[in-house]
Amino acid sequence: MEIETDSFFNYGFAKGIRPDPDYTVDEWADAHRILSSVSSSEPGPWQTSRVPYLREIMRCLSPSHPCERVILMKGAQIGGTECGNNWMGFVIHHTPGPMLIVNPTVEMAKRTSKMRIDPAIDNCPSLRELVKSPRTRDSGNTVLMKEFPGGVLVLTGANSAVGLRSMPVRYLFLDEVDGYPNDAGDEGDPVDLAIQRTATFSNRKIFLASTPTLKNYSRIEKAFFEGDQRYFFVPCPVCGTMQTLKWANIKFESGHPETACYECEKCKSLWQDYQKAEILQKGEWIATAPDRSNGKIVSFHLSSLYSPHGWTSWGDIASEFVKVHKDPARLQVWTNTKLAETWEDQSGESIDPTGLMSRRENYGPRIPMNVVILTCGVDVQDDRLELEIVGWGKDEESWSIDYHVLHGDPSTPQLWDDLDSILQRTYEHERNIAPMPIAATCIDSGGHYTDHVITFCGERLHQRVFAIKGSSSGFGVPIFPARASQNKRLKKPVYVIGVNDAKQTLMQRLRIKEPGPGCWHFPIDRDAEWFTQVTAEVIKTRMVKGRPVREWVPRTEGHPCEALDCRVYAFAALRGLMRNWKFDLNAAFERLQSYPLKNGQIPAGKAVSQTAAAPTIRSRVRSKGISL
């Protein structure tokens, strides 16, 4: 039934004072929710039977359940966010009141609104008639706010202190809380700020959902342990033993992860992926700490191993594991997103510089045969420039090609001319291809010579020489941003890079000893001081306003770390090419394999071309005709 405009608020008032219905979120979703092709791989009517493990979570979010807080520590592709969206629809339709949805950033909140919230409302007639069309004058329907009779839905980012303290709310959905910053505009922890908005409601309901990150640092892990810690137990199709799905019980043929199946922990029978439909329907949640929180906090753990057949299979998870298991940085992401487990961070710890020196190799006079592209990182000191030229291969395997220290005054042209001459060089390759240039360079502009760096780089944007600055926002910042900031005085671009995440990735990879994904290779002539500088920093955790804050600190106070900084900047240059200029490192590696070595050797099983140019990188045009 259409609601007349004149009676819109009267309808909302009447509905607002009505007692909450004895009706659950999952029942509402099965009756009303229509999934959009924009946000779902299976568009059409919602079916909780497809994801039976979500039924209990949605019932805990229902007004008839006495709990106050619901926690979901989850893997990817299990429907956790849609569970929250079902709750949102139920609130708008049956228990109206003020509701706040918080994403890690305001930009993500806008994207969530357009990609998930708007389609959820538009595809559901019962919601569409309550939330006015955004095309209506004074509709109250904007990207970050949706008004409906008796309530309002507001979306914001955890990086916006204003958005977190804007209004009191009865319903609070905190999505991907492990992606939140430590501090919201110097006003405190964003989770605490948001929860304070619910203090005036005795019937409040709070939902926290996230994939976890680091052990002893993860917000969702801490929240999970504060609750009753429920796990989803499923029966063996053969012996009926109830058990949780664990990665240790996934079995597959060596070299064939697509054959992955599950081994019963008791009778050792093997379950196939298609049997998930049967076992999930018979599963049940069991609390392992039932006496905790007096029933006020219910917490659920759910890995991607439970993802329904047709979504993420055991074979998919095993295949990804095979690809990443030797690269700690990528294995961490797999552990977080597939197993919904935290990662024990050991970045920088127990890395012995002497042990790294023992891995030095004699490359010879040319660029090693598997290097696809060269990047450079430059660190600016008061009396010198230091730079490393790095070669990159498949899956970000790296070779340190050269390291230079250019002594001089950075305020004078001569030192920058010396740097320019190095950046113009090309390098002979072991394969029969044209000499390889440096494809991109990042130069730190955060020191005492900001203007000199930005001017130098601004004149060489066409060569992809970028002025960069390390982010002050802690972890979770992209290693290379999607777009540059503009220096207000010089009107030239500066890229704010995620140095903390870059260091973490690189330091984890220093442990890789076998050639392959992520492995570092060092030249035979690299000295001991360089290895000491590369390993000069470690991650430490300290408490700030009651929250653990991780930061990189010197292993020994005062010891230089320019070699590590140079590698971080060269890595950022590579990520910039891959993210903003769509350079496909692995595809370029496959093309490279078709070219013979300079000594005439032909790679086995490859078609042979006689010459090749350096890897092609698409140009991108910025405003005012600057080509990058």
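**Cysteines and rings**

Modeller: Let me start with Cys 264, whose sulfur lies 3.7 Å from the closest cysteine sulfur, that of Cys 236, too far for a bond. Please keep in mind that this is a predicted model.

Colleague: How do you know that Cys 264 and Cys 236 are too far apart for a bond?

Modeller: A disulfide needs the two sulfur atoms within 2.5 Å, and this pair is at 3.7 Å, so the bond is ruled out. Searching the whole structure gives zero disulfides.

Colleague: Why is Cys 264 called buried?

Modeller: The label calls for under 20% relative accessible area. Cys 264 has 0% relative accessibility, so Cys 264 counts as buried. Cys 519 is at 2%, and therefore counts as buried too.

Colleague: On to the rings: how many aromatic pairs are there?

Modeller: The count comes to 25. One of them joins Phe 466 and Phe 480, with centres 5.6 Å apart.

Colleague: What makes the pair of Phe 466 and Phe 480 tilted?

Modeller: Stacked planes are under 30 degrees apart and edge-to-face ones over 60, with the rest tilted. These planes meet at 55 degrees, so the pair is tilted. It links distant parts of the chain, 14 residues apart: Phe 466 is in strand β21, and Phe 480 in the loop between β21 and β22. Both Phe 466 and Phe 480 are buried.

Colleague: What makes you say that Arg 460 sits over the ring of Phe 456?

Modeller: The distance cut-off is 6 Å from the ring centre, and the charged end of Arg 460 is 3.8 Å from that of Phe 456. Arg 526 likewise lies over the face of Trp 530, 4.7 Å from the ring centre.

Terms used:
Residues are numbered from 1 along each chain as its sequence is written. This is a predicted model: local features need pLDDT of at least 70, side-chain atom pairs count only at pLDDT 80 or more; totals for chains, interfaces and linings use all residues. Side-chain values use heavy atoms; hydrogens and water are left out. Buried means under 20% relative accessible area, exposed over 50%, partly exposed in between (1.4 Å probe, protein chains only). Rings of Phe, Tyr and Trp (its six-membered ring) pair if their centres lie within 6.5 Å; planes under 30 degrees apart count as stacked, over 60 as edge-to-face and the rest as tilted. Helices (H or I, at least four residues) and strands (E, at least two) are DSSP runs, numbered from the N terminus. A charge sits over a ring if NZ of Lys or CZ of Arg is within 6 Å of the ring centre and within 35 degrees of the ring normal.
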